Amino acid sequence: MSKPTLGNPQNTIEILQKYHFNFQKKFGQNFLIDTHVLEKIISAAGITKDDMVLEIGPGIGTMTQYLAEAAGKVAAVEIDKNLIPILEDTLSEYDNVMVINDDVLKVDIRGLVEKENGGRPVKVVANLPYYITTPIIMGLFEGNVPESITVMVQKEVADRMQTGPGNKDYGALSLAVQYYADPYIVANVPPNCFMPRPKVGSAVIRLTRHAAPPVKVDNEKWMFDIIRASFNQRRKTLANGLSNSDKIDLPKDVITEAIVKLGKGESVRGESLSLEEFAALSNDLWEKKGR
């Protein structure tokens, strides 16, 4: 097996020119050109030859080469058909990589993991396009697919994933991620590590799945409906946010009573509640809904 070559900017430029590749804004394409960052991602993901890795958005195969060296098997899902011939070229030395030309949100990941890894959880590694980060991560956790997810995301999104109550970045994404996983920011990555340069800074964050959720909820979907409704109108009090939501459909006095029971006072806003408090509120209101 040859060593990975594409972390070198010169080799990246050569491949792009060879195939007359044009970057697609709609796919949010920014390719990594920094070997230190690539090595840091591989080491943070803790990949061994026993692992199957799901890579989302392999691009020209830069990180895929590193993953193929470290893992037993790599499934790389790439939406842009113009990149498929490039990937066939850059990954030709590796026999443990399968490339799937599709939109990851449409792929039956659960079925893929069942077939290729006997249903055992996989490690997900990705340099995610910023506009689609949340639906991808939530879809993977809800489908019970990953053991861990190590991703490059916009710095601001990484901050949002790991922050706690009372912080301006705290919101539905923070709570959803922390319900499923333990988030840890591995490294901040400046724009000059990519081609083309993005306008914003990035960060590598590792989400290690909890063995069991840190809170007990009677109905997960209901709790997430409550969380979303709490942050839909951040300026409103929690009681108003929930009573305005057509998903919650409970009288305001019932909602207020449940909030007061948390010991928070009725004019509290959603951003000051912890995951534990949202779970308690959710269970209380679920009972009151009498389903």
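This is a predicted model: local features need pLDDT of at least 70, side-chain atom pairs count only at pLDDT 80 or more; totals for chains, interfaces and linings use all residues.
## Helices H9 and H12

Helix H9 covers residues 220-232 and helix H12 covers residues 275-289; their axes come within 9 Å and cross at roughly 115°. That angle makes H9 roughly perpendicular to H12. The crossing of H9 past H12 is right-handed.

On the H9 side, the residues that meet H12 are Trp-222, Met-223, Ile-226, Ile-227, Ser-230 and Phe-231. Their partners in H12 include Leu-275, Phe-278, Leu-281, Leu-285 and Trp-286. Sorted by class, the contact of H9 with H12 has 11 nonpolar, 2 polar and 1 charged residues.

In soluble globular proteins, nonpolar side chains tend to be buried together. Here the largest nonpolar core has 66 residues, and Leu-54 and Leu-285 have the most contacts inside it. H9 gives the most to this core, with 7 residues.

Which residues does Leu-285 touch, not counting those up to four places away in sequence? They are Trp-222, Ile-226, Leu-242, Leu-250, Val-254, Ile-255 and Ala-258.

## Val-97 in strand S4

Val-97 lies in strand S4, which spans residues 97-101. Its relative accessibility is 19%, so Val-97 counts as buried, the cut-off being under 20%.

Leaving aside neighbours within four places in sequence, Val-97 is in contact with Thr-64, Ala-68, Val-74 and Leu-91. The C-alpha atoms of Val-97 and Ala-76 are separated by 7.3 Å, with the two residues 21 residues apart along the chain.

Key
Residues are numbered from 1 along each chain as its sequence is written. Side-chain values use heavy atoms; hydrogens and water are left out. Axes are lines fitted to C-alpha atoms, for helices over the stretch in contact, and angles run from 0 to 180 degrees between N-to-C directions. Helices (H or I, at least four residues) and strands (E, at least two) are DSSP runs, numbered from the N terminus. Angles under 35 degrees count as roughly parallel, over 145 as roughly antiparallel, 65 to 115 as roughly perpendicular and the rest as oblique. A crossing is left-handed if the near helix is turned anticlockwise from the far one by less than a right angle, and right-handed if clockwise. Contact means heavy atoms within 4.5 Å. Ala, Val, Leu, Ile, Met, Phe, Trp, Tyr, Cys and Pro count as nonpolar, Asp, Glu, Lys and Arg as charged, and the others, Gly among them, as polar. A nonpolar core is a set of buried Ala, Val, Leu, Ile, Met, Phe, Trp, Tyr and Cys residues joined through side-chain atoms within 4.5 Å. Buried means under 20% relative accessible area, exposed over 50%, partly exposed in between (1.4 Å probe, protein chains only).
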